[in-house]
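Please look at the structure before reading on.

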Amino acid sequence: MDYAKETRRQYLKYFRVWFMILGAALLLFLAEIGWRGLAGGSKERTNLEAPAERVYDDADVLTEEEEQLLREQIAKAEAKLKMDIVIVTINQSVEGAEAREQYGYDSGIWEYNMRDLADDFWDERRYGYNKGYEGDGVLLLHNWYPGQNGEHMSTSGKAERELSSSEIDEILNVVDRYYDSDPYKAYSRFVEKVESMLSHNGTAPLPWLLVIVGPVVVAFIYMLCSMSHFKAKDTTPVNAYVMGGKPVINSQSDQFLRKNVSHHHIDTGSSGGSGGHSSGGGGGHHSSHSGASHGGGSHRH
Amino acid sequence: MIFKCKNCGGNVVYKPEKDVMYCPFCDSENSVEKTDESMGEITVCPNCGGEITVGPHTSATRCPSCDCYLILDERVSGDYAPRTIIPFRISKETCKDSLRKQFQTYRFAPTDFLAEAKLNEMEGIYVPFWFYDYDIHWDYQGEGRKVRSWTSGDTAYTETSYYDVKRDMDIQFRQIPVDASEQMPDDVMDLVEPFDYSQMRDFSPEYISGFYAEKYNMLCNSVEGRARKKMQEDSEQLLQNSYSAYSALSTLHKDMQIKSSRADFGLLPVWRYRYTYKGQEYPFYLNGQTGKIVGTPPISQGKVWLYSGTVWACLTALLVLIQMIFMYLY
């Protein structure tokens, strides 16, 4: 018998599931990379309905030059994220009876109207990188109307799924920080922040230390477990060689002599309860007038 | 002596599973006849004339030339006549299966460890044993304690009751086995136990035809200490069992007397598989009656590194792949 061949056969049989899983995962990974390479290295924009404009400065807080710079920055970010980024500034009242009469809003509440304005702006122009309805992207609506200054960020598609309320807050905080002194800087940082929050490229899900040390530890434990020796146990019962299987009791007595009782006080400390709370995922889900799903959040100054 | 077949003249051996004398040449059962030629100290096989080497204590062996099983009359009679024997109950094939079953999950054992060719070298041996009988008497007195605890309100109570404990009992130990063979390791022989004495029979040489056997080569008195130790440990345990209801005991009086003792000589069946790896022998012993296995397989360092290394490589590759998928595809 060829023992080397048999050793190989046993080895391959033992690890076949591992090898198959790894092989399949590697093939899928390579196939996906190959497919992306053939498709031009990136997913082409599939929504051709939306306008090319990304910066609507109706409040006129940006110079032409700044608008152009923002457009260029957004174009780069969009190519990377595969998501649309739209910035809208307005200067109109969205609160109280005046706003309701003038614009026919359903509500007189600032937050609701900002949200509806942002969502409708997105839906009506059919923004979204991959499609014109519930497509991927974000919109920043900044209202400069005196006394009602503030912004709302509307998210859609992949951006809606990935950004939580707190992340939206974090993005809007960047705008809050600079809008007063330099609106262009505020919007530019907004685009940067969106880019960094939604871009996963280059970030590994697991710490590299775990990737390096984890398998070493598991392999070591595997080695120790598999090396544990078989040991025969003493299975001879204590009465194995006793005639009748038990001793012959000639006499036995268990006579009670005395007893004593001791006691001590138990300290009962009060136990404290602990409460827990859970935090949710994606932020501010709702449906817009067109029925499209949006996420979002507002900051009023 | 040699047991031969009346029908074909072939060597008849004892068949464990069927408990019969069997001729492997013509498949007949109980067609045995004993050749009268007396075999004392021999150097040539009386069947084929081939040269054989017989150890100083061997009482039954196999001729390497004609595979005939020979029994040395002088070593199974007279002073060396065993009084009792437990015949083999499991065959070599059953032993091979149980070894494979036990060790098939031992990935790090050398590949040829359970190979058919190696396992076929397994040999059945009737090991000489001394059996000791002891009648003993225990006289015990002690103060036993029973403790009970309970809680009432915010007070914990502990009640300790004291008893005068007396035990007067006899224990009759029968046939505590101790091997009488120098070549068999004592600790292994102890672990091969227990044997089922209900299948013990008066000795007859037919049972050892087809196997190896030894006469006793350690005297009854020289190994009696091991039997006595086993007896003392067991009797101590049995005494303790009789007052196990107490949580603690203070001994006041304890006395064990051996009223009588006696010894007998017999043979017990053991299968032996001698596996050699890198110049070192790894012996395995199986109880020829129950199949209980005693022995530790060797470890192939090459396999340890190969298998552990593969586990490491597979895990690392999988984790790196997960990292890459998240880094480049999402």
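Which residue of β14(B) does B:Tyr285 stand opposite? In this predicted model, B:Tyr285 stands opposite B:Val294 in β14(B). The points below take the contact between the chains, then the strand pairs.

**Side of chain B that touches chain A**
- The contact involves 65 residues of chain B and 65 residues of chain A.
- Four elements of chain B each supply at least two residues of the side that touches chain A: β9 (155-179), α4 (220-242), β14 (293-294) and α5 (301-329).
- β9(B) gives the largest share of that side, with 22 residues.
- Sorted by class, the side of chain B that touches chain A holds 37 nonpolar, 15 polar and 13 charged residues.

**Strand pairing between the chains**
- Strand β5 of chain A (residues 248-265) runs antiparallel to β9(B), and 16 bridges join the two.
- Within β9(B), B:Tyr162 is the residue that A:Arg258 stands opposite.

**Hairpins within chain B**
- Strand β12 (residues 248-277) and strand β13 (residues 280-287) of chain B are antiparallel and joined by eight bridges.
- B:Thr276 stands opposite B:Glu281 in β13(B).
- The hairpin of β12(B) and β13(B) has two residues between the strands, and B:Lys278 in the turn has a positive phi of about 50°.
- β13(B) also pairs with β14(B), antiparallel, through two bridges.
- Five residues lie between β13(B) and β14(B) in their hairpin, where B:Gly291 in the turn has a positive phi of about 85°.

Note on methods: Residues are numbered from 1 along each chain as its sequence is written. Chains are lettered from A and ligands numbered from 1 in the order in which they are written. This is a predicted model: local features need pLDDT of at least 70, side-chain atom pairs count only at pLDDT 80 or more; totals for chains, interfaces and linings use all residues. Two residues are in contact if their C-beta atoms, placed from the backbone, lie within 7 Å. Ala, Val, Leu, Ile, Met, Phe, Trp, Tyr, Cys and Pro count as nonpolar, Asp, Glu, Lys and Arg as charged, and the others, Gly among them, as polar. Two strands pair if DSSP finds at least two bridges between them.
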